[in-house]
Amino acid sequence: MDHQSLLARITAQLPDALIESAEFRGDLSLVVRPERYLELARWLRDEPDLGYTFLENLCGVDYLGRDPRFEVVVHLVSMQHLHRVCLKLRLPEAEPHAPSLTALFPTANYQEREAYDLLGISFDGHPSLRRILLPDDWVGHPQRKDHPLVEEEIAFSFNQERIYAHKPFANE
Amino acid sequence: MTLQIPTPHEITEPAIAGTSDTMVLNMGPHHPSTHGVLRLVLELDGEVVVNVAPDIGFLHTGIEKTMESKTYQKAVVLTDRMDYLAPLSNNLAYALAVEKLLDVEIPERAQVIRVLLVELQRISSHLVWLGTHALDLAAMSVFLYAFREREQILDIFELVSGARLMTSYIRIGGLAYDLPADFLPTVDAFLQIMPARIDEYEALLTGNPLWLERTVGVGVIDGASAVALGLTGANLRATGVPYDVRKAMPYSGYESYDFEIPVGKAGDTYDRYRVRMAEMRQSVKIARQAWERLSQMGPGDYQTRDRKVAPPPKSEITQSMESLIHHFKLWTEGFKPPRGDAYVSIESPRGILGCYVVSDGGPKPWRVHFRAPSFINLQGLAQMAKGRLVADLVALTASLDPVLGEVDR
C-alpha cells in the first residue's frame with residue numbers, strides 16, 4: 001500500500017471526505033471533513049483489503065492564533081500492509097468537539113480522555129468523558145497555549161475566599 | 001464482543017449510593033504490587049474481581065507541556081523521566097522524530113551504537129519486570145539474580161554517559177559523546193555471560209509448578225481484542241499477533257539485523273512471560289551483531305556533520321570562526337526545523353512508543369506528544385481481570401509491565 005493508491009481509493013469511495021492531503025517527510029496526512037470522519041475511519045477499518053484496524057495514536061494540538069484553532073491527530077496503522085496514515089480533524093476555537101472513535105477503536109478511550117483533560121476538546125459519543133490525568137476538580141486545560149505558565153497563588157486569610165471560589169474541594 | 005474500559009467513578013458511585021451488593025476495595029496508590037503510584041479500584045464479589053478500574057495521574061508532571069518551553073536539544077533530558085526503566089528508548093523516539101522533521105542523516109556508526117544500547121536497555125528493563133513479577137508471586141531469589149545482571153548493564157550506561165539511569169545519551173543528530181575505549185570489551189563480557197544467565201532464570205521459573213499455577217490461564221486476552229484495545233509490545237505478541245515495529249516499519253537500520261519476533265499463543269500471563277524471556281535472547285543476538293559491526297568499523301563519527309544540528313568538535317572551535325558561530329548559535333538559540341509535523345514510533349521494551357512533534361518554524365517545539373505504551377496497555381486490565389481472583393490481578397498487573405512515570409507523563 002503506497003500513499004497514492006490509498007488516496008485514490010479514498011477519493012473514489014468518499015469523494016467529499018477530504019479537505020486536503022499532504023505528504024511531508026514520507027508520511028501521508030489527510031485533513032478530514034468532520035461530518036465524514038467516522039465514516040472514513042469505519043471504512044478504513046472494515047474494508048478487507050485495507051485493514052487499518054489499529055489506532056496507534058490519537059492526540060490534540062492547539063494552534064493558537066490559527067483558525068480553526070484545534071486539531072485532533074489520529075494515526076491509523078494497517079498491520080496487513082504495514083502502512084500508517086494520519087487523519088487530521090480541524091476544530092473551531094469555540095467549544096471544540098469531535099466525534100468519538102471509541103465505538104470503532106476502543107483504544108481511543110484513554111487517548112480521547114487525555115485530549116479532553118489537557119486541551120478541552122470534547123468527544124461526542126465517548127462513554128465516559130472525564131478527566132484522566134488531572135484531578136476531577138481541576139479548572140482549565142493546561143496544555144492549551146493560552147493557559148498561564150505561573151505558579152499557583154498561595155492562599156492566605158486575605159485572599160483565600162477568592163482562591164477557594166474556584167476550588168470545589170475546599171468547601172467540602 | 002464489547003470491550004469495556006471502566007472509570008473509577010463507575011465503581012465507586014454505585015457503592016457510595018448503596019445500590020450495589022459488591023464490595024469496593026482500593027488497591028494502591030501505595031501498594032507494592034502496583035509497581036508505582038497506581039490506584040486500582042476493585043469491585044469484588046468475595047474474592048472474585050467483578051470489575052477493576054485504574055485511577056491514574058498521580059505522577060503527572062506535564063512533561064509534554066514543559067517541552068514546549070525548552071529548545072529541541074534541551075527537551076531531551078525530559079524524555080528520560082517518562083519511562084524511567086528505559087530512558088534510552090525514550091531518547092531514541094524523540095531524537096528520531098526531530099531528525100525526521102529536520103531531515104538529517106545520522107552516520108551509520110551512531111545508528112549501530114544506538115541499536116546496541118537500546119537492545120541492552122530492553123534487557124535491563126525486562127530484568128526489572130522479571131524480578132518484580134517473580135517477587136509479586138513470592139519467588140524472591142529471581143529478583144536478586146535479575147538485578148545482578150541489570151547492574152552490569154547500568155555500569156555500561158555509566159561508562160558511556162556518566163549516568164546510570166537518566167542517561168540522555170542519544171541526542172538529536174547522533175549521540176552525546178563518543179564511546180570510551182573500554183566500551184567494547186565491557187559489552188563483550190556482558191554478552192558472553194548473558195545467555196547462560198537467561199537459562200538460569202528460566203530454570204527457576206519456566207517449568208516451576210508454583211509459577212505455572214499462578215500464571216497459566218491468568219489474564220487471557222485474544223488477539224483481536226488486544227489490537228482493539230491498543231495493547232502493544234509483549235502483551236500483544238503473547239496473543240499471537242506478530243507485530244513489532246522493528247520489523248514492520250524498521251528504524252535505525254533494524255532491517256539489516258537478523259532476529260526473530262517471539263510470539264505466544266494463549267495470551268495469558270505465562271505467554272507474556274515466555275515472550276519477554278525470548279525477547280531478551282533476541283536482544284542479546286541483536287546486540288552481538290551490533291557489537292561485531294562496531295568492532296569492525298573502528299573509530300568514526302558519533303553524530304551528524306551537519307553543523308546546523310550538532311555542535312562542532314572542540315578542536316575545530318579553536319581553529320575556525322564559522323565553527324565558533326555554529327557552536328554559539330546552537331547553544332544560545334538552537335536550531336529551527338521547518339514548519340510541519342512528524343510522527344515516529346519505535347518498539348520500546350513496553351510496546352509501541354510513538355512521538356509526535358509539531359514545529360512552527362521556531363527553535364522550540366510547538367507541541368510534543370508521546371504515545372506512551374504503558375498508558376494505553378492499562379486499558380486492557382479490566383478485560384483481562386474480570387472473573388479472576390485478587391491474587392491473579394497481582395500477577396496480571398505485573399505481566400502488563402506498566403511504568404507509572406510513563407503512564408502519567
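User: How many helices and strands are in the secondary structure of chain B?
Analyst: Chain B comes to 18 helices and eight strands. Helices (H or I, at least four residues) and strands (E, at least two) are DSSP runs, numbered from the N terminus. This is a predicted model, where local features need pLDDT of at least 70 and side-chain atom pairs count only at pLDDT 80 or more, while totals for chains, interfaces and linings use all residues. Residues are numbered from 1 along each chain as its sequence is written, and chains are lettered from A and ligands numbered from 1 in the order in which they are written.
User: What does the C-alpha trace of chain B span?
Analyst: Along its principal axes, about 80 × 50 × 35 Å. The radius of gyration of chain B (taken over C-alpha atoms) is 22 Å, close to the 22 Å from the globule rule (2.2 Å times the number of residues to the power 0.38) for 409 residues, so chain B is as compact as a globular protein of that length.
User: How much of chain B is buried?
Analyst: Of its 409 residues, 52% count as buried. Buried means that 20 or more other C-beta atoms lie within 10 Å of a residue's own; exposed means 12 or fewer, and partly exposed is in between, with C-beta atoms placed from the backbone.
User: Okay, sheets. In what order do β1, β2 and β3 of chain B come?
Analyst: The order is β1-β2-β3, in an open sheet with antiparallel pairing. Two strands pair if DSSP finds at least two bridges between them. In chain B, β1 (23–27) and β3 (48–55) each have a single partner strand and stand at the edges, so one side of each has no neighbour in the sheet. From one strand to the next, the twist averages 25°.
User: And how many bridges join β2 to β3 in chain B?
Analyst: Seven, with β2 (residues 39–45) running antiparallel to β3(B). One example is B:Arg39, whose bridge partner in β3(B) is B:Asp55.
User: Let's switch to chain A. Is β4 of chain A enclosed or exposed?
Analyst: Nine of the nine residues of β4(A) (residues 70–78) are buried, so this strand is largely enclosed by the rest of the structure. A:Phe70, A:Val72, A:Val74, A:Leu76 and A:Ser78 point one way, while A:Glu71, A:Val73, A:His75 and A:Val77 point the other way.
User: Which strands are joined to β4(A) by bridges?
Analyst: Eight bridges link β4(A) to β3(A) (residues 54–62), antiparallel, and A:Leu58 stands opposite A:Val74 there. Nine bridges link β4(A) to β5(A) (residues 83–91), also antiparallel, and A:Val73 stands opposite A:Lys88 in β5(A). The hairpin of β4(A) and β5(A) has four residues between the strands, and A:Leu82 takes a positive phi near 50°.
User: Which residues have the most contacts inside the largest nonpolar core?
Analyst: That core has 152 residues, and the ones with the most contacts inside it include A:Leu76, A:Leu87 and B:Val52. A nonpolar core is a set of buried Ala, Val, Leu, Ile, Met, Phe, Trp, Tyr and Cys residues joined through C-beta atoms within 7 Å. Helix α5 of chain B (residues 108–136) gives the largest share, 14 residues.
User: Why would nonpolar residues be buried together?
Analyst: In soluble globular proteins, nonpolar side chains tend to be buried together.
User: How many residues from each chain are in the contact between A and B?
Analyst: Chain B gives 35 residues and chain A gives 27; two residues are in contact if their C-beta atoms, placed from the backbone, lie within 7 Å.

Note on methods: Axes are lines fitted to C-alpha atoms, for helices over the stretch in contact, and angles run from 0 to 180 degrees between N-to-C directions.
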